[in-house]
Amino acid sequence: MANKRIVLVTGASKGIGRAAALALAEAGNHVVAVARSEDALTALDDEARAKTGEAMTLVPLDLKDSASIDRLAAALLDRFGRLDGLLGNAGVLGTIGPLQTLSPSSFEETINVNLNANWRLIRALDPLLRTSPAGRAVFVSSGASVRPRAFWGAYAASKAGLDAMIASYADETAATTLRVNLFDPGATRTDMRFRAMPGENPETLPTPEAVASVLPEYLSETCKAHGERIVYRDLARKDV
């Protein structure tokens, strides 16, 4: 692994996370794939092996389990001694509906997965990212954080909190070799989007593979961007 960048992807079992894990593997990185479903991770690894001939490191883990995040950091230190990239992709939609009707458990889960878990990842993995000569971290945001609307209160709050937290983290790391950015994928053809907008024609949306194709660049040692909000739609327009 000495010649490969070690990149961890959360929410790697489906959607943008799965597509990003494969794109990163095809770009020559060793991917540490994190998700709750062991079966889905195994299927991901099978596809990666077929495409690249290389295995991923699979970590079945629930990000709501903070102690497991700490144990993951210790295991990465023991095995690799560093972490070159972190894609904080995992997220939940939560319940779409009036704030006053949301159950406390649903609201808290949305905040815990979308916001708190990313803080735990920073807390646990920042030393490993700083050990890398070119640590890179990208966290997946949402247009809901800057354009909140009715019935999306919990999700919008979790992503707005993430935006503010990562902006602070980028400011804290500005004098280091670590580069930290946000990524706004926009509406994407995923199961989460279908649950949120069941009447929408998915064929009008970019695929997870298209959206994820830009991420290896921002997790590479050549990336100079820092403290930016990278919007996939803007990148796609430039390519037209």
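These legends describe close-up views of a predicted model. Local features need pLDDT of at least 70, side-chain atom pairs count only at pLDDT 80 or more, and totals for chains, interfaces and linings use all residues. Residues are numbered from 1 along each chain as its sequence is written, and side-chain values use heavy atoms, with hydrogens and water left out.

**View 1. Strand S1 and its covered faces.** Strand S1 spans residues 6-10. Helices (H or I, at least four residues) and strands (E, at least two) are DSSP runs, numbered from the N terminus. Five of the five residues of S1 are buried. Buried means under 20% relative accessible area, exposed over 50%, and partly exposed in between (1.4 Å probe, protein chains only). Ile6, Leu8 and Thr10 make up one covered side of S1, and Val7 and Val9 the other.

**View 2. The strand neighbours of S1.** Two strands pair if DSSP finds at least two bridges between them. S1 runs parallel to strand S2 (residues 30-35), joined by five bridges. Here Leu8 stands opposite Val32 of S2. The chain goes from S1 through helix H1 (residues 15-26) to S2, a right-handed β-α-β crossover. Right-handed means that, with the strands pointing away from the viewer, the path from the first strand over the helix to the second runs clockwise. S1 also runs parallel to strand S4 (residues 85-88), with three bridges. Val7 has Gly85 as its bridge partner in S4.

**View 3. Helix H1 and its cover.** Buried residues of H1 include Ile16, Ala20 and Leu24. An α-helix has 3.6 residues a turn, so residues three or four places apart point the same way. Cover for the buried residues of H1 includes S1, S2, helix H2 (38-52) and S4. Helices H7 (208-212) and H8 (215-218) also contribute to that cover. After H1 comes Gly28, with a positive phi near 100°.

**View 4. Leu76 in helix H3.** Leu76 is found in H3 (residues 66-79). Its relative accessible area is 4%, so Leu76 is buried. Leaving out residues up to four places away in sequence, Leu76 touches Leu8, Val32, Gly81, Arg82, Leu125 and Leu128. Contact means heavy atoms within 4.5 Å. Leu76 and Leu125 are 49 residues apart along the chain, and their C-alpha atoms are separated by 9.0 Å.

View 5. Ser132 sits in the loop between H4 (104-131) and strand S5 (136-140). Ser132 counts as buried because its relative accessibility is 2%. Its contacts, not counting residues up to four places away in sequence, are Arg5, Arg82, Leu83, Asp84 and Thr177.

View 6. Rings of Phe, Tyr and Trp (its six-membered ring) pair if their centres lie within 6.5 Å; planes under 30 degrees apart count as stacked, over 60 as edge-to-face and the rest as tilted. The count is one aromatic pair. Trp152 and Tyr155 have ring centres 5.9 Å apart and planes at 70°, so they pair edge-to-face. Both residues, Trp152 and Tyr155, are buried. The charged end of Arg149 sits over the Trp152 ring, 4.8 Å from its centre. Such a charge has NZ of Lys or CZ of Arg within 6 Å of the ring centre and within 35 degrees of the ring normal.

View 7. Phe151 lies between S5 and H5 (153-172). At 47% relative accessibility, Phe151 is partly exposed. Its phi is positive, near 80°. Most residues other than glycine have a negative phi.
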